[in-house]
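Q: I have a model open and want to go through it. Can we take it piece by piece?
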Amino acid sequence: MNALTPNIPQTTPSEKELAEIAAILMAHAGIVLAPGKGSMVQSRLQKRLRALGLNSYRSYIDLVSSQDGLSERQEMISALTTNVTNFFRENHHFETLKTTALPQLLASRGKRLRIWSAGCSNGQEAYSILMTAAESVRDFDQSDIRLLATDIDPVMVRRGTAGVYSETILEAVPGPLQKKYFQKHGEDFQVLDRLRNRAAFRELNIHSDWPMKGQFDIIFCRNMMIYFSPEAQNLLWKRFEKILAPGGWLFVGHSERVPLDTGSKLLPAGITTYRLPETG
């Protein structure tokens, strides 16, 4: 081994170290790190320890817990965040969007719609939404439809902004939509500007203050809540409902449910889909 190469730990973090890492994740990202995840933590943090020249989890924890370690704490959260996504994942949501949500919203609002893809990962969900809108809305290019896509991981935000995907990833997109909304970009493919210009990708910790001032007509927040504590989930559901416009739609993940017995005004509107009444 080169003398300049740090001696990266070849074992999983101790129970105490794992508990401290879990506490940092909970405090700063609301993410629950379940017991027995030592191997996962080891595999994902080894690269960070190597990059920093650190040879123990103890020194790494000390760093991310300090004022000087704020940027590395974000790197740690990114490394330990699971980004599982693909185009048109849980396709029933996009069918509901096309056949029910968009027609109802367009009838009541005209062609000004605001959409939020929360926990957007690398943008595949956001662009699936925009492709659905482009296919469903007459004169889409003249409409005022805008989408905000947010994620805690700055790497995912940059990828979403670029909108560049491999041919393998693009296999989930129907052939006609591939030809219509993507162009060759080196060995990969890039979303056309007519969609990319409709999306604004921003870094956001969902548990922090939300800088958005207006309300949203459609919110996608899918398969993110499962990583949070029940207390954090309940708080977020209320915040989403508050920022959803009357008559707005909320789409959640296949294993997630909004608790409707806590005074929520949301109404079931399909498979893991909810809607606010137009009034009241």
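Q: Which residues of H6 are buried?
A: This is a predicted model, in which local features need pLDDT of at least 70, side-chain atom pairs count only at pLDDT 80 or more, and totals for chains, interfaces and linings use all residues. Residues are numbered from 1 along each chain as its sequence is written, and side-chain values use heavy atoms, with hydrogens and water left out. The buried residues of H6 are Gln-124, Glu-125, Ala-126, Tyr-127, Ser-128, Ile-129, Leu-130, Met-131, Thr-132, Ala-133 and Ala-134. Buried means under 20% relative accessible area, exposed over 50%, and partly exposed in between, with a 1.4 Å probe and protein chains only.

Q: How many of the 13 residues in H6 is that?
A: 11 of the 13 are buried, which leaves H6 mostly covered.

Q: What is the reach of H6, end to end?
A: H6 covers residues 124-136 and reaches 18 Å from its first C-alpha to its last, close to the 18 Å expected at 1.5 Å a residue. The expected span is 1.5 Å times one less than the number of residues.

Q: How many helices and strands does the chain have?
A: The protein chain has 10 helices and 10 strands. Both are DSSP runs numbered from the N terminus: helices are H or I with at least four residues, strands are E with at least two.

Q: Different topic. Where is Phe-88?
A: Phe-88 lies in the loop between helix H4 (70-80) and helix H5 (91-109). Its phi is positive, about 55 degrees, although Phe-88 is not a glycine.

Q: Is Phe-88 buried or exposed?
A: Phe-88 is buried, with a relative accessible area of 14%.

Q: And what about phi of Glu-90?
A: Phi of Glu-90 is near 55 degrees, a positive value in a residue other than glycine. Glu-90 is found in the loop between H4 and H5, and it counts as buried at 14% relative accessibility.

Q: What share of the chain is buried?
A: Buried residues make up 48% of the 280 residues.
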